[in-house]
Amino acid sequence: MLDIEEIRKRARVWLGEEFNEETRREVKAMLEGDEATLIDAFYKDLEFGTGGLRGIMGAGTNRMNIYTIGMATQGLANYLLKNFGETTIKVAIAHDCRNNSRYFAETAADIFSANGFEVLLFDSLRPTPELSFAIRHYKCHSGVVVTASHNPPEYNGYKAYWNDGGQVVPPHDEGIINEVRKIKSVKEIKFGGDKSRIKILGKETDDLFLKEVLKIRLNPDAIEKQKDMGIVYTPIHGTGGKLIPSALKLFGFRNIINVPEQDITDGNFPTVKSPNPEEPEALKMAIETAEKNNADLVMATDPDADRLGIAVRTPERSFILFNGNQTGALLMYYTLSQYKEKKLYKGNEYVIKTIVTSDLLDRIAEDHNVECYNVLTGFKYFAELIRKLEGKKKFIGGGEESYGYLPADYVRDKDAVGSCALVAETAAWAKTKGMSLHDLLIKIYLKYGLYREKLVNIVRKGVEGANEINAMMKEYRDNPPTEINKSRVIRIDDYEKLISFDTIHGTQDKLKLIKSDVLQFFLEDGSKISIRPSGTEPKIKFYFSVNTKLESESKYKETVKLLDERIESIIKDLKLK
């Protein structure tokens with residue numbers, strides 16, 4: 001890390017006339033005040049990585065502001081000019097509900113237009129999947145969404161997309177990063193926008209998007225029978241409120257109940273500790289609303305409406321939260337079973353999941369004779385695979401354990417708009433069969449085995465934390481366990497080395513994906529442990545998956561308890577507690 005004098009020198013640059021008055025005032029206050037704040041704001045540059053930018057908002061090289069966003073946008077513009085300079089370049093821009101999101105989106109629009117691009121800017125906040133759709137529909141060369149997903153209120157972010165509507169992948173990600181790094185001064189950023197080149201997108205694009213969402217509906221008759229089924233939906237102050245209630249109504253649902261306090265667009269997320277649908281607390285108000293209204297289903301989306309959390313009724317009529325693997329299994333089973341029942345299969349269909357997502361999804365696909373591809377974590381890899389198979393095979397769904405699902409290929413990123421509609425349809429279909437979604441999940445477990453998963457995050461902040469995470473990964477690679485929780489390790493998949501090692505026979509196979517810092521241990525008892533450092537946060541992630549046969553519905557709770565105890569024993573054996 002830089003010493004304090006070097007940090008002060010970096011900060012004083014931001015007192016120059018090229019920075020606005022508000023920024024100069026904030027930097028001056030840091031120079032005269034708290035040293036820790038100054039250090040954190042200027043000790044490094046906020047890095048434009050393969051997923052774009054994400055950080056705390058404020059003045060400084062390590063903060064989200066119009067200057068760090070400006071450098072990212074100018075770098076992306078320079079890369080696009082290198083690739084498509086012979087034509088008029090078109091980009092689409094969307095943003096979420098966060099503080100400064102509109103300001104940042106308009107700043108990016110000005111920079112792109114100053115570079116001679118045609119810019120399509122949404123008139124207000126929109127879900128991330130609609131940006132992906134717009135890039136494809138309007139044949140854009142690239143796109144940007146300003147969002148920090150489910151991070152706390154002080155954060156914002158910036159994600160770059162390619163012309164297929166997916167987030168950038170190799171070689172374009174590295175190409176863009178290199179162009180961003182070449183920009184050494186804010187004086188190189190073309191801030192002077194050309195308003196004549198900026199076109200505003202509104203309801204007409206919403207309607208086109210929703211028209212595509214409606215195409216994923218498989219069972220209008222089931223929806224008609226259950227159109228008054230109570231559905232509570234909350235956007236948690238975010239973009240989902242723009243389109244998800246409309247999508248549900250378009251599908252045919254009539255009893256959509258909102259949570260008024262959370263319909264208010266607010267980047268401070270005043271009703272929750274975290275706007276993350278993975279967190280039980282984020283669904284608390286929605287569940288209370290469902291209890292009062294005797295609703296069957298609760299759905300909540302994160303601020304940019306690309307991820308979805310749900311709660312369903314148990315046989316005792318209380319609500320239980322489903323995790324991402326469980327919701328993914330429901331959507332997979334419903335889609336594939338309906339394709340089979342309605343004779344929609346042509347023999348070239350496929351689904352996608354990530355390598356850390358439950359293998360239950362593989363079993364469901366296998367049973368329906370549908371190919372299931374496993375990719376690295378991140379929906380950009382879904383988009384990349386869909387692009388490669390376009391015209392050869394038909395994508396009909398997929399998802400990942402972190403609450404992201406994609407029900408069709410009109411979008412090339414996580415799509416909570418279509419997923420909400422399809423979850424509601426699955427619930428309606430189950431109800432026509434005399435089942436709740438909870439009952440349907442148990443039916444799936446009875447057929448394919450009961451799978452339980454858990455994610456453990458070990459947070460290690462700062463430079464020392466990053467070094468510690470690297471050391472942990474190195475130790476697991478150099479000295480892998482031969483036994484975990486008294487069960488032999490029978491296979492090790494190392495995505496850094498792209499080797500799958502059979503520890504029983506001492507043989508090796510090559511893994512077919514690209515390199516990534518991920519390790520997986522497969523145990524003799526069917527357990528799977530996946531380890532990877534987070535790409536966006538200072539943490540290392542441990543994914544645990546265990547499974548066994550479910551003998552009967554009456555033994556469900558007992559079997560769940562046994563599997564959960566097995567996970568806890570594995571965690572204890574790995575000394576993570």
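User: Before we look at any residue, what does buried mean here?
Analyst: A residue is called buried when its relative accessible area is under 20%, and exposed when that value is over 50%. Please keep in mind that this is a predicted model.

User: Okay, so is Phe269 buried or exposed?
Analyst: Phe269 has 2% relative accessibility, so this residue counts as buried, and its place is in the loop between α11 (260–263) and α12 (284–293).

User: What about its phi?
Analyst: The phi of Phe269 is positive, at about 45°, although this residue is not a glycine. As background, most residues other than glycine have a negative phi.

User: Which other residue has a phi of about 55°?
Analyst: That is Leu498, again not a glycine and with a positive phi; Leu498 sits in the loop between β18 (487–494) and β19 (499–502), and because its relative accessible area is 10%, Leu498 is buried.

User: Switching to peptide bonds, where is there a cis one?
Analyst: A cis peptide bond, with omega about 0°, connects Pro170 to Pro171, and Pro171 belongs to the loop that runs between β5 (155–162) and α7 (172–182).

User: You mentioned β5, so which sheet is that strand in?
Analyst: Strand β5 is part of an open sheet of six strands with mixed pairing, in the order β1-β5-β4-β2-β3-β6. The edges are formed by β1 (53–56) and β6 (198–201), each of which pairs on one side only. Ignoring direction, neighbouring strands of this sheet are turned against each other by 15° on average.

User: How do β4 and β5 pair?
Analyst: Strand β4 (residues 142–146) pairs with β5 in the antiparallel sense over five bridges, and Ser142 has Trp162 in β5 as its bridge partner.

Notes: Residues numbered from 1 in each chain as written. Predicted model: local features only at pLDDT ≥ 70, side-chain atom pairs only at ≥ 80, totals over all residues. Heavy atoms only, no water. Helix = DSSP H or I, 4+ residues; strand = E, 2+ residues; numbered from the N terminus. Buried < 20%, exposed > 50% of the residue type's maximum accessible area, 1.4 Å probe, protein only. Pairing = 2+ DSSP bridges. Axes fitted to C-alpha atoms, helices over the stretch in contact; angles between N-to-C directions.
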